[in-house]
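Here are my notes on this one, as numbered points. Have the structure open while you read.

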Amino acid sequence: MKTTSMLVRRLCAAAGLAALLAAPALAQTAYPSQPLKLIVPYPAGGATDTLARTIGQKLQEVWGQPALVENRPGAGGTIGNGFVARAPADGHTVLIAITALIQQPPLMDKLSYDPLKDFAPVTMIARSPSMLAVPLDSPAKSLKDFIAMVKQSPGKYNFGSYGAGTSSHIQGALLNMQAGIDLVHVPFQGAAPLVTNLVGGQLASAFIDSATARPHLKSMRPLAVTGTQRMPGLPDVPTFAELGYHSFDPYGWFGVFLPAATPAPVVQKLSDEIDRIVHLPDVSAKIEALGLQVAGGKPEAFQKMVRADAAIYAKIIKDANIRLAP
């Protein structure tokens, strides 16, 4: 009788252990169990929206669940970001974000979420270096020439950006600090007017991302690029790091996030699938056609990069005293 009782207890313990070990696998295979919402915190038609719809279509094909893109624009993306931060942490509400997600906390007094605490990084879809460019008729043939020209006439030259607090503004402020110059900041409402004014000679310089610059490279002169390596299409243009400048390493990125409490197996499953998708030939071609670089990768690597970039931007924004009006 005693032996039977012990045997029963051991069988129960073994069954319990098996169930415990199987739980992650069950959680992974059960996902997704309902339609996916891909939240884009910007208007339809932009690069973020295009990438989201491309990824969504492929997820729908392989998982058999609808993957619907919802555009929730406004307040520099914070409305859409906040919506996902408050969503159920079951992996069915997905944020397609850009670098602005981690740039905003030091720029704004109040956010309804903490990008580093309220989101689980999944993977990076694509990345984009930026460049400092000048008009073709500028006398500056190199960054060294440009810095010398600006120093000779304090207050005369300017740089354009996509708007206050954007990556191009932050990069221009960083160059001012490191080179000891005083380029005047001229913010625009987006990429189109910025490029128009640079190409037309109304601006002395501008920081422009590779996707925006790509169709106009014959009408401007890039002097240096951000990132850790030279751009494939501009092999003769050095990086800022090569020229002795620091903190220009971060790339602009398009990434996937879930609410922070999402189970790790769900995060991993979504990460693995999107990593596979972005490396499909047709998807890679579409990403590169946008002037972007294919990314992908594991959640841990993306999280490490997000945290490192956030620290770099926070320091630049603080040192340059960049603030957004409430």
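1. Start with Arg 323, which is partly exposed at a relative accessible area of 43%. This is a predicted model, by the way. Arg 323 pairs with Asp 109 in a salt bridge, and their closest N and O atoms are 2.3 Å apart. The two come from distant parts of the chain, 214 residues apart: Arg 323 sits in the segment after α11, Asp 109 in the loop between α4 (100–103) and β4 (119–128). Asp 109 itself is exposed, with 67% relative accessible area.

2. The count of salt bridges comes to 8. Another one worth a look joins the side chains of Lys 58 and Asp 282, at 2.8 Å from N to O. Lys 58 belongs to helix α2 and Asp 282 to helix α10 (residues 281–289), so this pair ties together parts 224 residues apart in sequence. Is Lys 58 buried or exposed? With a relative accessibility of 16%, Lys 58 counts as buried, since the cut-off for that is under 20%. Asp 282, at 43%, counts as partly exposed.

3. Arg 72 and Glu 70 make a salt bridge too, with 3.3 Å between the closest N and O atoms. Relative accessibility is 28% for Arg 72, which counts as partly exposed. Glu 70 also falls in the partly exposed class, at 24%.

4. Back to helix α2, which covers residues 47–63. Its 17 residues reach 24 Å from the first C-alpha to the last, close to the 24 Å expected at 1.5 Å a residue. Just after the helix, Gly 64 takes a positive phi of about 70°.

5. Last, have a look at how α6 (residues 167–179) packs with α11 (residues 299–320): the angle is about 65° and the axes are 10 Å apart. The crossing of α6 and α11 is left-handed. Which residues of α6 and α11 make the contact? From α6 they are Ile 170, Ala 173, Leu 174 and Met 177, and from α11 Tyr 313, Ile 316, Ile 317, Asp 319 and Ala 320. By class, the residues of this contact divide into 8 nonpolar, no polar and 1 charged. As a general point, an α-helix has 3.6 residues a turn, so residues three or four places apart point the same way.

How values were computed. Residues are numbered from 1 along each chain as its sequence is written. This is a predicted model: local features need pLDDT of at least 70, side-chain atom pairs count only at pLDDT 80 or more; totals for chains, interfaces and linings use all residues. Side-chain values use heavy atoms; hydrogens and water are left out. Axes are lines fitted to C-alpha atoms, for helices over the stretch in contact, and angles run from 0 to 180 degrees between N-to-C directions. Helices (H or I, at least four residues) and strands (E, at least two) are DSSP runs, numbered from the N terminus. A crossing is left-handed if the near helix is turned anticlockwise from the far one by less than a right angle, and right-handed if clockwise. Contact means heavy atoms within 4.5 Å. Ala, Val, Leu, Ile, Met, Phe, Trp, Tyr, Cys and Pro count as nonpolar, Asp, Glu, Lys and Arg as charged, and the others, Gly among them, as polar. The expected span of a helix is 1.5 Å times one less than its number of residues. A salt bridge is a side-chain nitrogen of Lys or Arg within 4 Å of a carboxyl oxygen of Asp or Glu. Buried means under 20% relative accessible area, exposed over 50%, partly exposed in between (1.4 Å probe, protein chains only).
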